[in-house]
Amino acid sequence: MLECAELYFNVDHGYLEGLVRGCKAGLLTKQDYINLVQCETLEDLKIHLQTTDYGNFLANQTNPLTVSKIDTEMRKKLCREFEYFRNHSLEPLSTFFTYMTCNYMIDNVILLMNGALQKKSVKEIMSKCHPLGRFTEMEAVNIAETPSDLFNAILVETPLAPFFHDCMSENTLDELNIELLRNKLYKSYLEAFYKFCKNHGDVTAEIMCPILEFEADRRAFIITLNSFGTELSKDDRETLYPRCGKLYPEGLRLLAQAEDFEQMKRVAEHYGEYKPLFEAVGDRNGGKTLEDVFYEHEVQMNVLAFNRQFHYGVFYAYTKLKEQEMRNIVWIAECISQRHRTKINSYIPIL
Amino acid sequence: MGSLFRSEPMCLAQLFLQSGTAYECLSALGEKGLVQFRDLNQNVSSFQRKFVGEVKRCEELERILAYLVQEINRADIPLPEGETSPPAPPLKQVLEMQEQLQKLEVELREVTKNKEKLRKNLLELIEYTHMLRVTKTFVKRNVEFEPTYEEFPPLERESLLDYNSMQRLGAKLGFVSGLIQQGKVEAFEKMLWRVCKGYTIVTYAELDEPLEDPETGEVIKWYVFLISFWGEQIGHKVKKICDCYHCHVYPYPNTAEERREIQEGLNTRIQDLYTVLHKTEDYLRQVLCKAAESVYSRVIQVKKMKAIYHMLNMCSFDVTNKCLIAEVWCPEADLHNLRRALEDGSRESGATIPSFMNRIPTKETPPTLIRTNKFTEGFQNIVDAYGVGSYREVNPALFTIITFPFLFAVMFGDFGHGFVMFLFALLLVLNENKIKLNQSQEIMRMFFNGRYILLLMGLFSVYTGLIYNDCFSKSVNLFGSGWNVSAMYSSSHSLGEQKEMVLWNDSVVRHNKVLQLDPSIPGVFQGPYPLGIDPIWNLATNRLTFLNSFKMKMSVILGIIHMTFGVVLGIFNHLHFRKKFNIYLVSIPELLFMLCIFGYLIFMIIYKWLVFSAETSRVAPSILIEFINMFLFPASETKGLYTGQEHVQRLLLVITALSVPVLFLGKPLFLWWLHNGRSCFGVSRSGYTLIRKDSEEEVSLLGSQDIEEGNRQMDDGCREMTCEEFNFGEILMTQAIHSIEYCLGCISNTASYLRLWALSLAHAQLSDVLWAMLMRVGLRVDTTYGVLLLLPVIALFAVLTIFILLIMEGLSAFLHAIRLHWVEFQNKFYVGAGTKFVPFSFSLLASKFSNDDLA
């Protein structure tokens, strides 16, 4: 890109940026959530959603309404928007979009392989896959028995291929190995995406790098947290950490040695950004979970991304915000349908 | 005219609808479109309202109808659109209708499902036959050309691909065959190769005819493939890959007899399926045809029903739950219609207690309703685009009808161009009943909606074109010029005269490039041209200088008249809203300020035109200098326009200077005095005093009633809100800002009207350039070839005239005319802070039913 990208940005990407900002204005507001929470049944929820940007996206659904129907329709809507963005994008924005989909593709591949392990039919799992991460070769994933098999036979030509370079092995794919594969894929994916944004420079780098750094560190924390009490060795654990976050390199080494939550918290306290997050986590008898705190922080970063212009981060931020909104709606819908109203308020408002 | 001058008087009415008859009453009201409902349940979210269930039912019906329309469209059955729109269905019929529709939907879904299944079956069978046909050739080819099989021992003389013989060899040869979509072939082959490491042999051939995809119904190209492989393991993988690429796999016959048998069986089955499918399709068509007859009216009915329930959701229940209370805005002129509609509604439903209405007093600002017809609508839209008028305020649209086209024409003055525009508009007006124009695309519809504006603009342009004497930049000599060139020659004058004047002789004419006519020589100027500019100016080199002076003065005069008119209209507003003090303290100082400075300027212009003639023109003073001197009081006396000019000017200046402080302080001080001396009178009374007076008795009556009912506290709260507090500082600030804006505006707005001159100059020059660059070139060539050249030149001239001069210039003149109205004219009196009256009317529902409307 040239030095004054602001001058040229709108030539190629101005239309899409305008669109995405318009879409962002359609996100549900606090007032909308307050109204949604008051709903008695899913039908009420549907009626209220009709007054928002979702429009009558559920109009063609036959009764009875279920949470999964709402979820699929919402995903479809997001997918339509995303496809539209993607089809109208030019390089390097289209590569950026490809990177964004890789995230979902990894999830889908892992989901399919897990499904194959549990001998579930491919069709059943396909319906659970995220539509943003669909690709043709996906259904053949369960042929493979080892990661290198998977790479050589199926994923060579997909955008996922470059992420395989350090997870080629001949181990059979059992549950643990799949989980390892997922984390390794994620690691190289995040690092590659980070490098792409960094090389792109300009505002895109300024916005996207912190977001991706946070994403990397979050993964590191979550991996650590999940590995407590498993047979995963500390060295193995360290190889799974994405090395593009703020924690790299000191924090990651410390994290690899951590043995319980308290030690992890101590590591985080060295970092000004993560200290308040860990302090916000409630104890066992209530309060927020670590996951929620991370989500909140992510939402905050994504909302802030809209404060600057002429960068690709808005697309990433919009997709993530929309996902968070969908999680919120699904959460509320689940609470309503299961008559579990006490926890209905623990959604994460966006605007 | 009366209705266009001010918006109609409105009143707030309370409708008491018996809950049994509410639906019918609203249906009657919706047909007539008389009233605008107020939302009484604003703080109730949409899913907690009373009639949510009914709305949901309507939505369910809409869903079914959308499905029906979709199916009908897919079957290519024409949808009859009824001419009249059927009324909302009576409640009794709704259930019946719902039942019918639901039954229809179930039936339809069943039949279509069967049909789809049959069709899918059929397509698969057809695919199978194709596959068998094509793969037969594969095998033959294999036998002839496949070198791999040569390795097998020569003892085996039978067909190498024979299944039995392979089994004897211990390797199990398997086949998978089927169809795959064209686009996926390459990737499919690659993956097969990668996964099976080359242990498979794939042959494929393109199918010559495209087939329908049984799942999506799309017609696409297919490839037939045959994969041969050894071993079970690989077989599983191959099958999985086939699944992944959504191949249609069919069993592969191992022997020739088997193949023949299968083929025969397939043929008979296809025959059978065809007949069954035809019968099903016929039946489906019958069902759809029957449904298509009523679907249009059903769609409209459901829409109306939904609209009614949405309105009912805005009503509140009274304490006894027996009747619904709605609050509506209604034009006073329509009150008896409203009563009749309510009676009709109650009679229809056969209720014992009729629904009735009550007028209730209010201090809230009613919405603005200005009834328009097709002629005035366009002009009203121009005004509304700036701001919908406040209630009962003078509506500038009435005057815009004349002033807008006129100001446009001043800028667009050309006889020829104006006539073309007029003809175009006339064409639209004469064809306005044709439906095609109504539904044409956006740009054409824009022109169509503004056809009457265009018509007037064209007419006025013809008029100003005559005044400017411009027809495609050329002048027309209709009455004969008032100038006589031959009188300038010395021979036509007596010797005595010749001595006093500078006359032409042969040498002068020969040696001078530019000659000047002198109007002071007798016989040269014989009097003004009867209409507009003398055509001789078209030949003159100093034409621009002359026209500029004329057009500049003209635009200043027009502008000041226009603005003064605006201020005068303000007086009408003050009179109507009973604020007489505003006339003395605001309008009159404003008028004085404007007239004493700029009115005097006009006076000077006209005075100079009238008093000074060609003979005395050399001693005429410059208006510019005189006007500047009016403010500067120069030491040296200039020779003025008339005697006593100085005193008059001093007086005018004093008046101007005095009007400024009055403008600044008059209104605030007066209001302050009123507030202190005679409190509670007049201050907070705005334009709605009239209504209050009418219904003062009802106030007391209803007041007690309301308290008894006890459910109106919230509304009462809103109604009291209009009683504002007296805030001297605020009033002073507002008035100061207004005054500064006005005084500065007088100067800047007058300058702004000079755009009339500028645009008219630009238009004239542009058309002149076009003529000089094109037509003059075409006309210069001599007669033999001239005709050939002239044709394309005229064509080009016509195209450029239309696109540059008519459309582009027309748009710019239109824009400037709009600006002159919105900014310079309307800010003198127009507040434009009202809300539009939007009646609950079925005619506003989208009556056209299209697919996207329903889907």
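B:K836 counts as partly exposed, at 45% relative accessibility, and its side chain meets that of B:D384 in a salt bridge. This is a predicted model, and a search of the whole structure turns up 35 salt bridges over all chains.

**The B:K836–B:D384 bridge**

- The N to O distance between B:K836 and B:D384 is 2.9 Å.
- B:K836 sits in the loop between helix 27 (783-825) and helix 28 (851-854) of chain B, while B:D384 belongs to helix 10 (residues 376-386) of chain B, so the pair ties together parts that are 452 residues apart in sequence.

**Salt bridges in chain A**

- A:E259 and A:K234 pair up through their side chains in a salt bridge, at 2.5 Å from N to O.
- A:E273 makes a salt bridge with A:K246, and their closest N and O atoms are 3.1 Å apart.
- Here a loop meets a loop: A:E273 comes from the one between helix 12 and helix 13 (275-280) of chain A, and A:K246 from the one between helix 10 and helix 11 of chain A, so the bridge ties together parts that are 27 residues apart in sequence.
- A:E273 is partly exposed with a relative accessible area of 25%, and A:K246 is partly exposed too, with 35%.

**A negative patch on chain A**

- A:D260, A:E262, A:E269 and A:E279 gather on the surface in a patch of negative charge.
- One of these, A:D260, is found in the loop between helix 11 (250-257) and helix 12 (261-268) of chain A.
- A:D260 has a relative accessible area of 35%, so it counts as partly exposed.

- An unreviewed UniProt entry annotates residues 94-128 of chain B as "coiled-coil region".
- In the model, that stretch of chain B (residues 94-128) is 100% helix and 0% strand, and its end C-alpha atoms are 50 Å apart.
- A network of salt bridges links B:E60, B:R63, B:E105 and B:R109.
- B:N114 and B:E281 are 167 residues apart in sequence, yet their C-alpha atoms are 9.9 Å apart in space.
- B:E281 is found in helix 8 (residues 256-312) of chain B, and it counts as partly exposed at 31% relative accessibility.

**Transmembrane annotations in chain B**

- The unreviewed UniProt entry gives "transmembrane region" for residues 406-430, 451-468, 554-572, 584-607, 648-666 and 786-808 of chain B.
- Residues 406-430 of chain B come out as 88% helix and 0% strand, and 23 Å separates the end C-alpha atoms.
- For residues 648-666 of chain B, the model gives 100% helix and 0% strand, with the end C-alpha atoms 26 Å apart.

Technical notes: Residues numbered from 1 in each chain as written. Chains lettered and ligands numbered in written order. Predicted model: local features only at pLDDT ≥ 70, side-chain atom pairs only at ≥ 80, totals over all residues. Heavy atoms only, no water. Patch = residues over 30% accessible without salt bridge, like charges linked within 9 Å, V, L, I, M, F, W, Y side chains within 5 Å. Areas by Shrake-Rupley, 256 points an atom, 1.4 Å probe, with all protein chains shown as cover. Salt bridge = Lys/Arg side-chain N within 4 Å of Asp/Glu carboxyl O. Lys, Arg positive; Asp, Glu negative; His and termini not counted. Charge placed at Lys NZ, Arg CZ, Asp CG, Glu CD. Helix = DSSP H or I, 4+ residues; strand = E, 2+ residues; numbered from the N terminus. Buried < 20%, exposed > 50% of the residue type's maximum accessible area, 1.4 Å probe, protein only. UniProt positions renumbered as here; feature names shortened; annotations may be inferred.
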